[in-house]
Each structure stands twice: as C-alpha cells, then as structure tokens.
Amino acid sequence: MCQITIDPIAIIHTPFKEKFAIPRQPGLASEAKGHIVFRADYSSADFVRGLDQFSHIWLMFQFHQTAKPSHPPLVRPPRLGGNKKIGVFASRSTHRPNNLGMSVVKLDSVTLKDNAVSLLVSGVDLLDGTPIIDIKPYIPYSDAIPEAMAGYAQQAPRAHLHVQFEESAKSQLIEQKTKHTDLELLIRQVLAQDPRPAYHQQKTSDRVYGVSLYDLNIQWRVEDDQCIVTNISG
Ligand code: SAM
C-alpha cells in the first residue's frame, strides 16, 4: 500500500493549553475561539478567495498530542461512561489510525494583513497548536442530515453543571476583563459540560480541579450539580 505524506497547511491557536476540559465536539462552547494562521506557502489571499461567503467550515486536523503509538480496534467513548467498548471506526476517538480529526466550526472572519492570511473561528474543540491539514466550506444541503441516526451520540451532551464564582474569583475575572473579554462565558461553557472523568462524576468529593485556559489556571470544585470556581490565576 502506498504511503501518504501530509503537510499541515496551518496551525490553530486556541485557549486550550491542555487536553483536559476541551469540549468533546465543536459547537459545545461557542466562546471557544480559534485563530488559524496559514503556513507561508498557503498564506495568500487566493487560497481563501470566496471562503468568506460561508458561515461554517470544516477543519481537518491531526490529533498531534495523542499519546499512544498503537491503535487498538476498540475504544471507550466518554459518552458511554468510559467503560463500554466500541469499534474505533464507530467513534470520534482521538486514538485512531492516522490520528485524523474533523470539526465544523463557525467562521467569524477572514483577514489579510501584511500579506498573511488568518481566520477567526469559534466553537472549537482543539488543543492550542493543533496542525490543520485541510479546510473546506460546510455545505448544509449535503453536510446537514436532520434525520440522521447517531447511536449513542444522538443528543448533544447535557451541560448540567451550574457554574458559580466565589467572590475572590469574581474579582480575578474583573482583573482579566481587558485581556480576555470572553473569559467568564468561556469558563461557564467549558465547566458546565463537566469535564471530570466519568468515574469521578459518580462520587462526592471536595477535590479541586484545575485547567489551563489561555495563560490562566482556573480552579474549581463540584458540589452536587454546582461547579464553584475558586481561583483564577496567571
Ligand atoms: N471533532 C473532532 C472529531 O470528531 O474528529 C474531535 C473530537 S475529539 C473526541 C475531541 C477531543 O480531542 C477534545 O476534547 C480534546 O480532548 C482532544 N484533542 C483536541 N485537540 C487535540 C490534539 N491536537 N491532540 C490530541 N487530542 C486533541
């Protein structure tokens, strides 16, 4: 069988500095913004001519930070509680042959500045620095299939945690306002999804969790269905 060599065309910068707490699919956190910067050979206006007529685009990318070099045929989707196995090709797992991923995101703008092209997108589920290998317009008549059946993932996961901020965290949010205008909503949208591993979600615990968003460390704990943000530090 022939080998295929793929060169990334761009890189995406996102608020997500680690895999933990990244939404599990695009569109679950509309405030999750991405900035796509093209490689020099693709950074000309001609490559994106006409793209601004589309509201959404497909990003094809490489899961460049999947740890396992081997690819077993069965995976455990978090949607099934992490303990039921299904075939990798019946999943959107990051651990798959060729490490390729695909996400539909909202295209907010196409910018040409100093001969460099960049795209602003939102609703991303990608780690900062993810290599983008192709971009295509989303075409509703073909890509949206309202009657499609989606097995264990028919419905979007419920964003079931109510996110609150302790007083000190509220003050820290205000301090970040000029640098990160969207921070509060982003934190709310990300934490409401309950990023904890499934086996933690069953237990009551006063464990403090932390996640990196932008250049910040966000700490929170969960009490019943309340997610309480306790600290936001740089
Ligand atoms: N929408 C894509 C798809 O279906 O191919 C990705 C779905 S995958 C389940 C989304 C998860 O991939 C995120 O929650 C994050 O943990 C992980 N992820 C995102 N970017 C990654 C990267 N560059 N390398 C490894 N894992 C990544």
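**Ligand site and domains**

Reply: Start with Arg92: an N or O atom in its side chain is 2.6 Å from an oxygen atom of the ligand. Keep in mind that this is a predicted model.

Me: OK. What does the side chain of Ser103 do with the ligand?

Reply: An N or O atom of that Ser103 side chain lies 2.9 Å from a nitrogen atom of the ligand.

Me: How much of the ligand's accessible area does the protein cover?

Reply: 91% of it. On its own, the ligand has 600 Å².

Me: How many residues surround the ligand, and which are the closest?

Reply: 21 residues. Gln25, His64, Arg92, Asp125 and Thr130 are the closest.

Me: Which strand gives the most to the shell?

Reply: β6, with three residues. β6 covers 100-113, and β3 (56-62) also supplies at least two shell residues.

Me: Switching topic. How is the chain divided into domains?

Reply: Domain 1 runs over 10-143, and domain 2 over 162-233. Their C-alpha centres are 24 Å apart.

Me: How many residues does each domain put into the contact?

Reply: Domain 1 gives 14 and domain 2 gives 16.

Me: How much area do the two domains bury between them?

Reply: About 1400 Å², with 62% of that on carbon and sulfur atoms.

Me: Which three residues of domain 1 supply more of its buried area than any other three?

Reply: Pro15, Phe20 and Glu31. Together they supply 40% of what domain 1 buries against domain 2.

Definitions and conventions: Residues are numbered from 1 along each chain as its sequence is written. This is a predicted model: local features need pLDDT of at least 70, side-chain atom pairs count only at pLDDT 80 or more; totals for chains, interfaces and linings use all residues. Side-chain values use heavy atoms; hydrogens and water are left out. A residue is near a molecule or strand if one of its heavy atoms lies within 4 Å of it. A polar contact is a pair of N or O atoms within 3.5 Å; within protein, one must be able to donate a hydrogen and the other to accept it, and residues adjacent in sequence count only if both atoms are side-chain atoms. Accessible areas come from the Shrake-Rupley method with a 1.4 Å probe; for residues, only the protein chains shown count as cover. Helices (H or I, at least four residues) and strands (E, at least two) are DSSP runs, numbered from the N terminus. Domain bounds come from an automatic or database domain assignment. Contact means heavy atoms within 4.5 Å. Buried area is the accessible area (1.4 Å probe) that two parts lose on being put together, summed over both.
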